[in-house]
Amino acid sequence: MNATIVSYLSQYEFFDFLTNLFGKHQSVLAFLIFLIVALVVVAVCATIGGLGTYAERKISADLQARLGPNRVGPYGILQFLADGVKMMTKEDVMPFTADKFLFYLAPMLALVGVFATLAVLPWSSGFIIADLNVGIFYLIAISSLVGVSVFLGGYASNSKWSMLGGMRGASQIISYEIPVTISILLITLIAGGMSFGKILSYQTGLPTNWFIFHNPFAFIAFFVYCTGALAETNRAPFDLPEAESELVSGYHTEYTGMRFGFFALAEYIEVFVVCGVGAALFLGGGNLPFDIELDIIPLQLAQVVVFMTKSLLLYYCVIWIRWTLPRLRVDQLMSVCWKYLTPIAIFNLMGCAIWLVVFHGKSMADLLMGHH
Amino acid sequence: MFIEILFLLSALLTVGSAVAVLITKNIMHSCIFLLGSLLGISGLYATMGADFVAVTQIMVYVGGIVILMLFAVMLTGGKDFVSRAQNLLGLAPSMGNKWTYAIGLLVAVVFLFTNIQLISNVVKTAPVKTFGPEFPSTVNQIGHLLIKDHVLAFELSSVLLLGALVGAAIIARPRKQ
Amino acid sequence: MISLASYLIISLILFVIGLTVMIARKNIVAILLGIELILNAAAINFVAYSRFVTNNLDGHIFSLFIIVIAAAEAAVGLAIVIRFFQIKETVHIDEATQLRN
């Protein structure tokens, strides 16, 4: 059975009032709840994406001993709103020879692909919009729409730089999907399920219960996942599709105004989603790192705060890496994926399977402390 | 209610995109409409409670096959060759003259009646189930079936995929003339 | 109300469209698109029968294998198309008239 936010809410008293109010139109009620929750999540994530651009500029300024944006609002924190207004009021230029239909479609596909992943992102143990029993699989699948959009954006612009950027982007995304997916497969192997609720329910309590410390292979898999995820979201040091020194700005060279904004927003939200998934799969997600008795609402709020903290720490690392490491060459990029990450990921999966059989699914902490 | 609306939307997306694949002149647009049609089909799977198949559909087609097709279109120049003759409505490219259409229609009618005869038993005896919003999870059962009942096909398909991978790489490899 | 027949009709439409694409288009890639539509029409039928007629999941398994085979077919087919383009510098199906050279 697929648990959803509606089925979660339905266990509380105030829900009875709502069900009585709607009478026999229960599906309308469910639809309204989904609509409201989805709008809230999309709004929050759009804000996170916007703040991501601010964080990127501020942190890069820190790393380079500059000040960064500091004019709009306190510490320049409203800079992203100013940027948004600027983008929306910019003229929407389209190249004369562009493929009109695909040119309009590409940024939309990017946004759809990213926002659709938010449906299964576990903010806390209760607040998952739809805790599908194929949750993580769904997330991997639907996020490949971003790859299609990158390719189409590059093709439709009808410019050499966009074309090269788009082809690089698509080949990079589908190549790095393999080590990332195998690393995630390892987690589903340990948890015995693909739903985020199930995966999180195994990681409650102390940090030793997190899947990253479950066995040495999971520990390696976390870093394989992080490397692959950086490449899948086109972040430095793997930002070849938009390498500004060679390709102007890659697949979105010809995009202006809000369409460029959509691409940028999709990229920043995707980074957040990838960090959130990493936190949920390997670092315990929203589970509090200690045992504490709380009421249901404070508990959920605390879990959301914990989840956000972990995700944003990973987010900080992503930005940190971007402004520290130089960019790879294309051949290096492909050899990293196919000659190193994929074999390591497959070795990890085999090793983890053997570990689970030999030690009857016990984690390292269980073995060390002698729990049975 | 949910299921009916989802079904209608998915069916519209599937059939509409498929028609668009047929009538659009640009091969790149055809690929994108194929993507829409495949997403619609995965929606149809979802209305039948086949969650794993639906997600596999998205995974394989969107993440793999459609991008592969787009690459192939780019590598082969992206030109499309629509036959100059148009059909009666002038929409789709033509497949022949009026005689071939007449024969095709005749065959289709005969075929349709035969099929209705064959299918009618199945449709009549199909148990009418009430649709609830909840479907049982199919993931565990599919896993067991793949490892137990269908393990030979499972292994063979992995060999097939490996063969296809190596074969495709060898065939597409540029050779010195 | 949704029944088995509605899925079968959609599957029928998809099959016919796929067949038409295969016959009418002259680009080899477009023909491969038609093949994908036909394979998907078959897969819908399997899942529909599995849901409405039998009560087991064998139809799902069959659809999964169809998807696998479609992936393999697309990979090999497109490789052949690319090789063909390297030799003939066109992807028109009527140019494919020789078995060697």
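Which residues does A:Gly285 touch, not counting residues up to four places away in sequence? I started my notebook there.

**Ground rules**

I am working from a predicted model, where local features need pLDDT of at least 70, side-chain atom pairs count only at pLDDT 80 or more, and totals for chains, interfaces and linings use all residues. Residues are numbered from 1 along each chain as its sequence is written, and chains are lettered from A and ligands numbered from 1 in the order in which they are written.

**Entry 1: A:Gly285**

I found that A:Gly285 touches A:Pro122, A:Leu200, A:Gln203, A:Ala279, A:Ala280 and A:Phe307, leaving out residues up to four places away in sequence. Contact here is when the C-beta atoms of two residues, placed from the backbone, lie within 7 Å. I located A:Gly285 in the loop between helix 12 and helix 13 (296-322) of chain A. Helices (H or I, at least four residues) and strands (E, at least two) are DSSP runs, numbered from the N terminus.

Buried or exposed? I checked A:Gly285, and it counts as buried because it has 29 C-beta neighbours inside 10 Å. The cut-offs are 20 or more other C-beta atoms within 10 Å for buried, 12 or fewer for exposed, and partly exposed in between, with C-beta atoms placed from the backbone. I also looked up A:Leu111, which is 174 residues from A:Gly285 in sequence and 24 Å from it in space, C-alpha to C-alpha.

**Entry 2: two helices of chain A**

I looked at how helix 3 (residues 26-63) and helix 12 (residues 257-282) of chain A pack: the angle is about 100° and the axes are 8 Å apart. Axes are lines fitted to C-alpha atoms, for helices over the stretch in contact, and angles run from 0 to 180 degrees between N-to-C directions. Helix 3 and helix 12 of chain A are therefore roughly perpendicular to each other. I noted the classes: under 35 degrees is roughly parallel, over 145 roughly antiparallel, 65 to 115 roughly perpendicular, and the rest oblique.

From helix 3 of chain A, the contact uses A:Cys45, A:Ala46, A:Ile48, A:Gly49, A:Gly52 and A:Thr53. From helix 12 of chain A come A:Ala264, A:Leu265, A:Tyr268, A:Ile269, A:Val271 and A:Phe272. Nonpolar covers Ala, Val, Leu, Ile, Met, Phe, Trp, Tyr, Cys and Pro, charged covers Asp, Glu, Lys and Arg, and the others, Gly among them, are polar.

I also picked A:Leu32, which lies in helix 3 of chain A. A:Leu32 counts as partly exposed, because it has 14 C-beta neighbours inside 10 Å.

**Entry 3: positive phi in chain A**

I looked up A:Ala65, a residue other than glycine whose phi is positive, near 55°. A:Ala65 lies in the loop between helix 3 and helix 4 (79-89) of chain A. A:Ala65 is exposed, because 6 other C-beta atoms lie within 10 Å.

A:Asn158 also has a positive phi, near 60°. I placed A:Asn158 in the loop between helix 7 and helix 8 of chain A. With 16 C-beta neighbours inside 10 Å, A:Asn158 counts as partly exposed.

**Entry 4: which chains meet**

I checked the pairs of chains that touch: there are two, and the most contacts are between chains B and C. In that pair, 64 residues of chain B are in contact with 53 residues of chain C. Helix 3 of chain B gives the most to the side of chain B that touches chain C, with twelve residues. That side of chain B divides into 47 nonpolar, 15 polar and two charged residues.

For the other pair, I have 24 residues of chain A in contact with 22 residues of chain B. The side of chain A that touches chain B divides into 18 nonpolar, four polar and two charged residues. Chain A and chain C do not touch, and their nearest C-alpha atoms are 14 Å apart.

I counted six helices and zero strands in chain B. Buried residues make up 32% of its 177 residues.

The largest nonpolar core has 175 residues, and B:Cys31, B:Val66, B:Met69, C:Val29, C:Leu33 and C:Leu78 have the most contacts inside it. Such a core is a set of buried Ala, Val, Leu, Ile, Met, Phe, Trp, Tyr and Cys residues joined through C-beta atoms within 7 Å. I followed up C:Leu78, which touches B:Leu68, B:Met69, B:Ala72 and C:Leu32, not counting residues up to four places away in sequence.
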